[in-house]
Amino acid sequence: MQERSKSKFTVTVVGGAGKMGLLLSKILKDRVGAVRISSRDSMRAKEAAESVGVDWVSNDQAHTSDIVVVSVPIDQTVEVCQNLGQRMNAQSLLVDITSVKTGITDAVVGNTPSSVEYLSLHPLFGPQVRDIRGRRCIAVEARGGPLTDKFLKILSECGASVRKSTAEDHDKAMAVIQVLHHHALLAFSSALNKVAPNMGLSEYVTESLEKTLQNLESMQLNWQTISAIQKCNPYAQQIREAFAQTSNEMLSFNENSRAKLQHAISLLRSP
Ligand SMILES: NC(=O)c1ccc[n+]([C@@H]2O[C@H](COP(=O)([O-])OP(=O)(O)OC[C@H]3O[C@@H](n4cnc5c(N)ncnc54)[C@H](OP(=O)(O)O)[C@@H]3O)[C@@H](O)[C@H]2O)c1
């Protein structure tokens, strides 16, 4: 990890009382001058801010910070970013953290002033993590500048590994990493409902299935984001079709599956 430094910037986290907003507020509070949580409900903002030891700000003042991080549902991101971006000071930085970039990053660029920097970030971790050491983030530098560089440096100093990408490359990769993975788990859940409705299986759960079960529980907790990724990623339908076709081809067990398994591991592990 690089040497830790505290910058003097103020950061407002819009949707800061939500799951990812609270996590980001906790992560940033020791790294910047001040973190302020905003919510559509001032009481909720106040309670959330107290719970993590940061400040709060009313919704109508959320745009006044040096950096404004928007952590709201995927389908609300454009509207919220647009409203904030149009009121933000020149040379300030707007950040979104949506899990889908197509249709969002371009729309925000087109509807916010060119004097405001804009970073479309995707943290590749969920709200359950304690810190971001060793965690990955994808950064689409939609309208870069000095504050963007400083914000990305703060993330690196926190130990995150930041990879730069484009909105298109991000969504193509996430169609595999998230859409395919989540869809396979949803298909598993549907099949389980069908074949084992009343079997009393809990005493039979293996260590391996326990890991899958934790993934299923995490998907349930983050359902709004999980479902929005399936609906909004433009490559999702072709990925689900490929999954259905492959499942059909696999109706009989094939020894070739082991080679495919090995190849899939190397596809995901090799740099
Ligand atoms: N969950 C994950 O694993 C994960 C991982 C990476 C990235 N993300 C991204 O993080 C973002 C937030 O996800 P989350 O899981 O933190 O969701 P969340 O817990 O539901 O929090 C979202 C917050 O957005 C606010 N909000 C809802 N509708 C709004 C609207 N119309 N206008 C303004 N604010 C609104 C709500 O705050 P108030 O009611 O207090 O206003 C809510 O607490 C999403 O873009 C998602 O793609 C999520």
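**Exercises on helix packing, domains and the ligand shell**

**Exercise 1.** At what angle do the axes of α6 and α9 cross, and which residues make the contact?

*Solution.* Step 1: helix α6 (residues 167–195) and helix α9 (residues 236–249) have axes that come within 10 Å and cross at roughly 50 degrees. Helices are DSSP runs of H or I with at least four residues, numbered from the N terminus. Axes are lines fitted to C-alpha atoms over the stretch in contact, and angles run from 0 to 180 degrees between N-to-C directions.

Step 2: α6 is therefore oblique to α9. Angles under 35 degrees count as roughly parallel, over 145 as roughly antiparallel, 65 to 115 as roughly perpendicular, and the rest as oblique.

Step 3: Ala175, Val176, Val179, Leu180, His183 and Ala184 of α6 meet Ala236, Ile239, Arg240 and Phe243 of α9. Contact requires C-beta atoms, placed from the backbone, within 7 Å.

Step 4: these residues divide into 8 nonpolar, 1 polar and 1 charged. Ala, Val, Leu, Ile, Met, Phe, Trp, Tyr, Cys and Pro count as nonpolar, Asp, Glu, Lys and Arg as charged, and the others, Gly among them, as polar.

The model is predicted: local features need pLDDT of at least 70, side-chain atom pairs count only at pLDDT 80 or more, and totals for chains, interfaces and linings use all residues. Residues are numbered from 1 along each chain as its sequence is written.

**Exercise 2.** Classify the packing of α6 and α7 as parallel or perpendicular.

*Solution.* Step 1: the axes of α6 and helix α7 (residues 207–221) lie 11 Å apart, at an angle of about 105 degrees. Step 2: the two helices are therefore roughly perpendicular. Step 3: His182, Leu185 and Ser189 in α6 meet Asn215, Leu216 and Met219 in α7. Step 4: by class, this contact has 3 nonpolar, 3 polar and no charged residues.

**Exercise 3.** How many residues does each domain give to the contact between domain 1 and domain 2?

*Solution.* Step 1: the protein is divided into domain 1 (10–165) and domain 2 (171–269), with bounds from an automatic or database domain assignment. Step 2: domain 1 gives 9 residues and domain 2 gives 12 residues. Step 3: the domain 1 side has 3 nonpolar, 4 polar and 2 charged residues.

**Exercise 4.** Which residues come nearest to the ligand?

*Solution.* Step 1: among the 26 residues around the ligand, Gly15, Gly18, Met20, Ser39 and Gly126 come nearest; a residue is near if its C-beta atom, placed from the backbone, lies within 6 Å. Step 2: the shell has 9 nonpolar, 13 polar and 4 charged residues. Step 3: α1 supplies the largest share, 3 residues.

Technical notes. Contact = placed C-beta atoms within 7 Å.
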